[in-house]
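Subject: Two-chain model, handover and notes

Hello,

Please find the structure below, followed by notes on what was found in it. Could you read them with the coordinates open?

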Amino acid sequence: MSLELRNVTKRVGADVHIHETSLVLEQGTFNILLGTTLAGKTTLMQLMAGLDRPTTGEVWFRGKNVGGVPVQKRNVSMVYQQFINYPNFTVYENIASPLRVAGVAEKEIDAQVYQVAELLRLTPMLKRRPNELSGGQQQRTAIARALVKDSDLILLDEPLANLDYKLREELRDELPKLFADRDCIVVYATTEPAEALLFGGNTATLHEGRVTQFGPTSTIYRRPNTLLSAQVFSDPPINVAKVSKQGDEIILGEGVKWRAGKAVLPLPDGSYTIGIRPHHITPTAQKDGAATLEGRVLVAELSGSESILHFNMNNQTWVSQSHGIHPFPVGSTANFYVDVDQSFFFGADNKLIAGNA
Amino acid sequence: MARIILQDLRHSYYADPQKDDDWALKKLSLDWDDGGAYALLGPSGCGKTTLLNVISGLIRPTGGRILFDGRDVTDATPEQRNIAQVFQFPVIYDTMTVYNNLAFPLRNRGVAEPEVDKKVREIAHMLELDQRLDRRASGLTADGKQKISLGRGLVRSDVAVIMFDEPLTVIDPHLKWVLRSKLKELHHRIRRTMIYVTHDQTEALTFADQVVVMKDGMIVQIGSPIELFERPKHTFVGHFIGSPGMNLLPCNVENGKAVFASQAIETLNAKAYRGNGKQLELGVRPEFVRFAPTGIPVQIIKVADAGRYRIVETRHNDGTIKLLVPEGTEIPVDGAHVQFDPGHTQVYEDGWMVT
C-alpha cells in the first residue's frame, strides 16, 4: 500500500523541471520534501496528486497505475501556502464541503465537522466567515477541510509559510499529532531544515529538480550522502572548505591542521572537501582535539540565547553558532574551535566518504 | 541621521474612537538614538506596521508628536522627513538595469553623475551585485530583486532613517540568512538609524541593538536581545521570544518562596512579591531547565529532534514543562526529575514580572 513514482520526469518545453525520479512513499508515513524555491517540490506534489502528468514515467498508487485517473477520482487533499477557503461559506460549511460533494449523510457530516474542528481548535469559529478569521485560523480551516475527508493522500505545500512565527511554531507542534493515527500518506513541502527536523518522519532533499537523498529525517540530517544533501539540510548554511590529508594529519590551508579522527584515518592521502555545520564551530573549545581557526570577526549576531559569529579566515567566510552570549567586537581577531569529529568528508565526486553518524 | 522621539503617540483608524479596541496604537513614547539598529517585533495586528507608517509619515497620528533631532515632524510628509523605506516585496523598475535602479533615488535628488556612480558601485559591491549592474532587473531571482530594494534604501547617505518592513519574508531561509547578516554588516559600516519591522524573532533579535516588543497597540517591553531573553518583563515576551517560548506554570508564593508542584522553588524575585496578584505564574525558559536526580518528578511526553538540540516535552500534574537538551545529552527513560536554574526563574503576577 504505497505511492510510487517510477522513473518520473517532467519537462516543460526545453526546461527540465524534474529529472528522472523514483520514490516510494509508504502508507501511514509523514514525508517531507525539503528544498529551496524552484527545487521542484510543488511539481513533484502535482505529479503525485495527478494534477499534472509526468513527461515520462509512471505514478502508481496502491498497486495501480494512476496515470490516467483524473484528480477528482482520486482520494487526494491538498493544502497550499495561500489560504484557500470559500469566502461566502462559514467555517463550518468550508470544512463540510468535501463531505457534501461526496454525498455523506447530514448527521455524519455534522459529527465529522465537529470532530475535526475540535482537533484544530476551530469550534468557536464555526459560524464565522473566512474574512473574519486571523491568518492562522484561515489556514487551520483549509487544513481541516483536507483532513475531514478521509483522504488516502494529503499534500501540504508550505502551508505554514505565510503565518506568523509563533503560529507556525504552534501548528508545527500540532500537525504531526493530527496525522498520528491515520493511515494516509502525508507529503509536506518546506524550505526550512528546522521544520523538517521537528516533524521527523522521512525527508527527501531536493535540488534543481532532483531528489538527492530520501530516508528517515534524522538519518538524512546526520548522514547526508552528498555535499548537496548536506547543503540542502543545513540552516545556517554549512561551512565548506578544501582540506588535504597527509598521513595522520588533516590540513586546512596555512597553519590549520589537526589529527585525523578514527573515521578519517583510513582514507588515502589526498585532497577532500570538508563540511562543518555552524554549531560545530564554537568560540570556546568543547572538547580535546578540537581544531583552532583564527579569524577576523565580520558580523556578530546575538539573539539573547545564541551567538552567530561570521568570521574571515583564509579569504573565506565562516559561520559559528553557539549557545550563550559571545560579544566579539567586529574587526577583532578571535579563535574558534572545530569539533572535528562532527565534520563530513566528501570525495572528489562530492559523495560522503566519512563523517559522523 | 536622526535621533527619533515619539511622544504620547496614539492612533485610531476610526474618526471617532470610543472603546479601547478602537485604538491601533495606544499612547506610546519612545526615544531612539541616532545611528542605532532598532526592531519592532510582534504578532500580526499588534500595531507595528501602523507605528512604522506613523514614523515614516504615511499616517498622521490621531494624537502625540514625532521629533526628528528635536524638530517636530508630525505634520511633515515622508519626503520632508527624508527617510528611505524597504518593503516586504521588491519595489524596483523591472525594465531598468540594476545600475539604474540603484542610481534612481540619487538622480531623483539631482546628485551629480560622478557621485552617483561612486555610490552605486559602493552599494552594489556591499550587496554583491557588482557583477550584475548591466543586467535588467527583471531577469533577477526574488532575492536578487530584494537586494536591489535594499540597495535603493541604503544608497543615499543623506537619509535620516532607513525603515524596513518585513524585508526578508519572501526570501528562502538560506538566502534570508545571508541578507540578514549583510544588513547587520551594513549597519555597522554606515551607522545610520535603522528601524526593522518583523514578526520573526530571529530577525529582530539578531539585527537590532534594541527590540520593541508590541502587543495590542502597546509596547510590552523595550530591551536588548539579551534582556528580552533573560529577563522578560511580561509573560507575553517570555512566550513570544524563544522557540519554544518560556514555560509558564501556575504557582503560589509562600514566605518569599515560589511553590510549584508542592515544592519550594528558588527564584530570582519571589521575595519581592507583596501579595496582590490574582494570577501567579512561574516562568522559566526551556534553556534553563535540566534533568537532575531530584527535583520535580515529570513524565516524558515527547522528544523532538532539532538537530543541534532536542526539545523534550515533559508533564507534571500541575503543568507541562519543556526542556532544551544539547545534542548528545542523555534523556532519562523513567523516573525523570527536572530542576530550574534559580537565576533564570521568575515569578509573574497577572502577567507582569514581580519587582
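Chain A has 8 helices and 21 strands, where helices (H or I, at least four residues) and strands (E, at least two) are DSSP runs numbered from the N terminus. This is a predicted model, in which local features need pLDDT of at least 70 and side-chain atom pairs count only at pLDDT 80 or more, while totals for chains, interfaces and linings use all residues. Residues are numbered from 1 along each chain as its sequence is written, and chains are lettered from A and ligands numbered from 1 in the order in which they are written.

The C-alpha trace of chain A spans about 75 × 45 × 35 Å along its principal axes. Of the 357 residues in chain A, 46% are buried. A residue is buried if 20 or more other C-beta atoms lie within 10 Å of its own, exposed if 12 or fewer, and partly exposed in between, with C-beta atoms placed from the backbone. Among the contacts in chain A with a separation of 6 or more, 66% are between residues 24 or more positions apart. Two residues are in contact if their C-beta atoms, placed from the backbone, lie within 7 Å.

Domains

Chain A is assigned domain 1 (2–232) and domain 2 (239–354); the bounds come from an automatic or database domain assignment. The C-alpha centres of these two domains of chain A are 37 Å apart. In the contact between them, 7 residues of domain 1 of chain A meet 8 residues of domain 2 of chain A. The domain 1 side in chain A consists of 4 nonpolar, 2 polar and 1 charged. In this classing, Ala, Val, Leu, Ile, Met, Phe, Trp, Tyr, Cys and Pro count as nonpolar, Asp, Glu, Lys and Arg as charged, and the others, Gly among them, as polar.

For chain B the assignment is domain 1 (4–235) and domain 2 (245–353). Their centres, taken over C-alpha atoms, are separated by 37 Å. Here 5 residues from domain 1 of chain B are in contact with 9 residues from domain 2 of chain B. The domain 1 side in chain B has 1 nonpolar, 2 polar and 2 charged residues.

Helix pairs

In chain A, helix 2 (residues 91–101) and helix 4 (residues 135–148) have axes that come within 8 Å and cross at roughly 25 degrees. Axes are lines fitted to C-alpha atoms, for helices over the stretch in contact, and angles run from 0 to 180 degrees between N-to-C directions. Helix 2 and helix 4 of chain A are therefore roughly parallel to each other; angles under 35 degrees count as roughly parallel, over 145 as roughly antiparallel, 65 to 115 as roughly perpendicular and the rest as oblique. From helix 2 of chain A, A:Val91, A:Asn94, A:Ile95, A:Ser97, A:Pro98 and A:Leu99 meet A:Thr141, A:Ala144, A:Arg145 and A:Val148 of helix 4 of chain A. The residues of this contact divide into 6 nonpolar, 3 polar and 1 charged.

In chain B, helix 3 (residues 98–107) packs on helix 5 (residues 142–154) at an angle of about 30 degrees, with axes 8 Å apart. Helix 3 and helix 5 of chain B are therefore also roughly parallel to each other. B:Val98, B:Asn101, B:Leu102, B:Phe104 and B:Pro105 in helix 3 of chain B meet B:Ile148, B:Gly151 and B:Arg152 in helix 5 of chain B. That contact has 5 nonpolar, 2 polar and 1 charged residues. The buried residues of helix 3 of chain B are B:Val98, B:Tyr99, B:Asn101, B:Leu102, B:Ala103 and B:Leu106, and their cover includes helix 4 (113–126) and helix 5 of chain B.

Local points in chain B

B:Leu67 lies in strand 4 (residues 63–68) of chain B. B:Leu67 counts as partly exposed because it has 16 C-beta neighbours inside 10 Å. Not counting residues up to four places away in sequence, B:Leu67 touches B:Ile5, B:Asp72 and B:Val73.

Regards
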